[in-house]
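Let's go through this one by question and answer. Have the sequence and the model open as you read.

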There are 2 protein chains.
Amino acid sequence: MTKPALPSPLEGPTQPAGQEDADERILKAAGKLFREKGFAATTVREIAAAANMLPGSLHYRYASKDDVLLALMNRAVKRAMAAVRAAIGEVRDPIEKLRLGLRAHLELLCNGDDSLYVLLFDWRSLPQGAREGVERERGRYESFWDGMLYEAHGSGRARPVLDVELVRHFGFGAINWVATWYRPGGDRTPSQIADTFFAYLAFGLIHEPSRPADLDTRFAALMAASLKGQG
Amino acid sequence: MTKPALPSPLEGPTQPAGQEDADERILKAAGKLFREKGFAATTVREIAAAANMLPGSLHYRYASKDDVLLALMNRAVKRAMAAVRAAIGEVRDPIEKLRLGLRAHLELLCNGDDSLYVLLFDWRSLPQGAREGVERERGRYESFWDGMLYEAHGSGRARPVLDVELVRHFGFGAINWVATWYRPGGDRTPSQIADTFFAYLAFGLIHEPSRPADLDTRFAALMAASLKGQG
DNA sequence: CGCAGGCTTGGTCACCCGGCCAAGCCTGCC
DNA sequence: GGCAGGCTTGGCCGGGTGACCAAGCCTGCG
């Protein structure tokens, strides 16, 4: 319990710049625990301990456990949006933008902080009242992706598809699910997985001029049949 | 608290055949609650109430809440396996088998009982000790799918791919994620969604003899590049 | 008719959760 | 040098949790 008031370069937890910032420590610890055990199974005491502080100190910054989750999720959307924007940079090619965005999203989900995982997989834990704000921000992120999909579609290099939102759900599903089985240290990095999955996605979605018309006809037939509930 | 001992045809909860079977009622109620609120956020009292019995009665059949989850998950694997087998029936065509299997899986996940959802999305809640058994059964289900994928690959109608397991993860991700956003009563049934997604999947994975060799070359190049971490 | 035992009852128990707070420390500013 | 106030301390509280059980009901069987 004897904690040095002055920063000690030999001790891990105590960081030079004001102990790294208590807020950051809380969200980091909460993210890790929420991801591992889920929101409901995690106690505020555990979060506080992992953040190297007492429960009361945590309460001073966040009035409730729900508030921590809320802050974490808002941060997740913000970081995801920033990561994807940064990854795309000045690239203009609509298909390449999708590939780079997918990479950034998966990289953040697997190797970044845990907030994105919590946002995606602990959505149920967010209390009804707090849902609206996060939902709006999350919607912006999804619309951002829809915009890129529309762009790809408009460029004529994407297969004509009935519902862009459905395509986003499809891609997000494949990518987000990686967090379910991926373990660091495997023989594939998240970026490699993203690229591989992009190859799978692209050759189902990208229209190739050199492809015989027969293929597009068959695709359209499959799509039409799927709407009648039989194939 | 006055509960008729004899089956009354006018009362919903009391069923003719021995009140429908208490075990079934427990697992049904638990599945619904676990899906809606998650395992940790659900109390045994809630489950008992939803199953129309007292907590003590539930305890008579399941020693702990964990046991209920375990039974539910084991049932989920069993039902998924049975549903997919039944859907495939006598069909021999490897590609068609995949399509029908995907349909059955998604139909069960969206409209069937909630156990499959719990198995997939509440995996973290299963205590370490109980994990082994379910993991083995779940592995059989996954191997079953891998077998179908190998078959499709062996038939020469599937695109040559480095890692079948990765393809399964890809497809399962896209399909399982549907449970995240699907709401009954929309303008697409699970089977229609499955067929649409199958169309997306197929035209990225199925090798078409009539397709110009150029496309396969580009696919192979993308795959090779993805393993070097760049495209 | 009587009895055995499967199942339910209604409550109890120890635990520990999330939320809270008054007191005090310690830092940086005046 | 002193003080104000932001932040931490450590413990407290009511409530609700999972687990449990002795007693008894009621059904089906002999």
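**Helices and how they pack**

Q: Which way, left-handed or right-handed, does H4(A) cross H7(A)?
A: A crossing is left-handed if the near helix is turned anticlockwise from the far one by less than a right angle, and right-handed if clockwise. Helices here are DSSP runs (H or I, at least four residues), and strands are E runs of at least two, numbered from the N terminus. By that rule, the crossing of H4(A) past H7(A) is left-handed.

A quick note on the model: it is predicted, local features need pLDDT of at least 70, side-chain atom pairs count only at pLDDT 80 or more, and totals for chains, interfaces and linings use all residues. Residues are numbered from 1 along each chain as its sequence is written, chains are lettered from A and ligands numbered from 1 in the order in which they are written, and side-chain values use heavy atoms, with hydrogens and water left out.

Q: What is the orientation of H4(A) relative to H7(A)?
A: Axes are lines fitted to C-alpha atoms, for helices over the stretch in contact, and angles run from 0 to 180 degrees between N-to-C directions. H4(A) and H7(A) (residues 128-154) pack at about 15 degrees, with axes 9 Å apart. Under 35 degrees counts as roughly parallel, over 145 as roughly antiparallel, 65 to 115 as roughly perpendicular and the rest as oblique. That makes the pair roughly parallel.

Q: How many charged residues does the contact of H4(A) with H7(A) have?
A: Contact means heavy atoms within 4.5 Å, and the residues involved include A:Met73 and A:Val77 of H4(A) along with A:Tyr141 and A:Trp145 of H7(A). Ala, Val, Leu, Ile, Met, Phe, Trp, Tyr, Cys and Pro count as nonpolar, Asp, Glu, Lys and Arg as charged, and the others, Gly among them, as polar. The tally is 13 nonpolar, one polar and, for charged, four.

Q: How are H5(A) and H8(A) oriented to each other?
A: The axes of H5(A) and H8(A) (residues 164-176) come within 10 Å and cross at roughly 40 degrees. The two helices are therefore oblique.

Q: How many charged residues sit in the contact of H5(A) with H8(A)?
A: On the H5(A) side are A:Leu102, A:His105, A:Leu106 and A:Leu109, and on the H8(A) side A:Phe172, A:Ile175 and A:Asn176. By class that gives five nonpolar, two polar and, for charged, no residues.

Q: Is A:Ala51 buried or exposed?
A: A:Ala51 lies in the loop between H2 and H3 of chain A. Buried means under 20% relative accessible area, exposed over 50% and partly exposed in between (1.4 Å probe, protein chains only). At 1% relative accessibility, A:Ala51 counts as buried.

Q: How far apart in space are A:Ala51 and A:Ile26?
A: Neighbours within four places in sequence aside, A:Ala51 is in contact with A:Arg25, A:Ile26 and A:Ala29. A:Ala51 and A:Ile26 are 25 residues apart in sequence, yet C-alpha to C-alpha they are apart by 5.3 Å.

Q: Which residue takes a positive phi just after H1(A)?
A: H1(A) covers residues 22-37, and its buried residues include A:Ile26, A:Leu33 and A:Phe34. Just after H1(A), the residue with a positive phi of about 90 degrees is A:Gly38.

Terms used:
Expected span 1.5 Å × (residues − 1).
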